[in-house]
Amino acid sequence: MTKSRKDELTTGVLAMRRLIALAAITALLPLGAQAYTATNRLKVAPISDSVFEVVARGGTGARDFWCAAGDYALKQGARSNARIYLAGGRQPSVSEPGRTATRFTLSPDAAGITPIAPQLVLTVDVVGDNISVASAREYCAVDISRG
């Protein structure tokens with residue numbers, strides 16, 4: 001066997017070992033540390049211990065972001081009367097480079113944001129804005145005009 005072929009095999013074996021190790025580590029992570037697909041099919045991913053992001057698709061509006069945030073919060077065990085806070089408006093996604101996302105938290109102090117009085121209009125523009133988990137989930141109701 002030639003030296004270059006041995007090098008190729010060694011590189012392949014090392015790459016396979018790294019892949020297996022990564023898969024094993026990922027499998028050991030708590031479910032909350034992995035991406036989640038909300039009922040409206042938007043991806044939600046934790047980006048720190050206290051902040052998660054909802055990744056946009058084409059045509060994603062404020063109600064879609066809040067719906068996914070509420071759905072994820074319930075999945076994480078939040079009570080329906082808990083508050084979800086906007087931690088960051090539309091910005092580049094951490095979990096899916098090249099996409100945009102909006103960031104939320106259930107713990108404003110831990111996320112370093114100051115809660116504000118809830119806005120009268122639903123947006124994802126004002127950091128600190130907040131609604132209850134139950135209210136956020138209400139935005140997941142099927143809109144027949146959207147098909």
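**Ground rules.** The model is predicted, and local features need pLDDT of at least 70, side-chain atom pairs count only at pLDDT 80 or more, and totals for chains, interfaces and linings use all residues. Residues are numbered from 1 along each chain as its sequence is written, and side-chain values use heavy atoms, with hydrogens and water left out.

**Entry: the sheet.** I looked up the strand order and found an open sheet of six strands, β1-β2-β3-β5-β4-β6, with antiparallel pairing. Strands here are DSSP runs of E with at least two residues, and helices are runs of H or I with at least four, numbered from the N terminus. Two strands pair if DSSP finds at least two bridges between them. I noted β1 (36–37) and β6 (130–132) as the edge strands, each pairing on one side only.

- β1 and β2 (residues 43–46) pair antiparallel over two bridges, and Y36 stands opposite V44 in β2.
- β2 and β3 run antiparallel with four bridges, and a hairpin of four residues joins them. Here V44 stands opposite V54 in β3.
- β3 and β5 run antiparallel with five bridges, and V51 stands opposite T105 in β5.

**Entry: β3.** I asked how many residues of β3 are buried. Five of the five are, so β3 is largely enclosed by the rest of the structure. Buried means under 20% relative accessible area, exposed over 50%, and partly exposed in between (1.4 Å probe, protein chains only). In a regular strand the side chains alternate between the two faces of the sheet. I found both faces of β3 covered, with V51, E53 and V55 buried on one side and F52 and V54 buried on the other.

Entry: I checked what β1 touches besides its partner strand. Helix α2 (residues 62–75) packs on the sheet and touches β1, β2, β3 (51–55), β4 (83–92), β5 (100–105) and β6. Contact means heavy atoms within 4.5 Å. The direction of α2 makes about 130° with that of β4; axes are lines fitted to C-alpha atoms, for helices over the stretch in contact, with angles from 0 to 180 degrees between N-to-C directions.

**Entry: the disulfide.** I counted one disulfide (a pair of cysteine sulfur atoms within 2.5 Å). C67 is joined to C140, S to S 1.9 Å. The link of C67 and C140 is right-handed, with 110° about the S-S bond. C67 lies in helix α2 and C140 in the segment after α4 (133–138), so the pair ties together parts 73 residues apart in sequence. Both C67 and C140 are buried.
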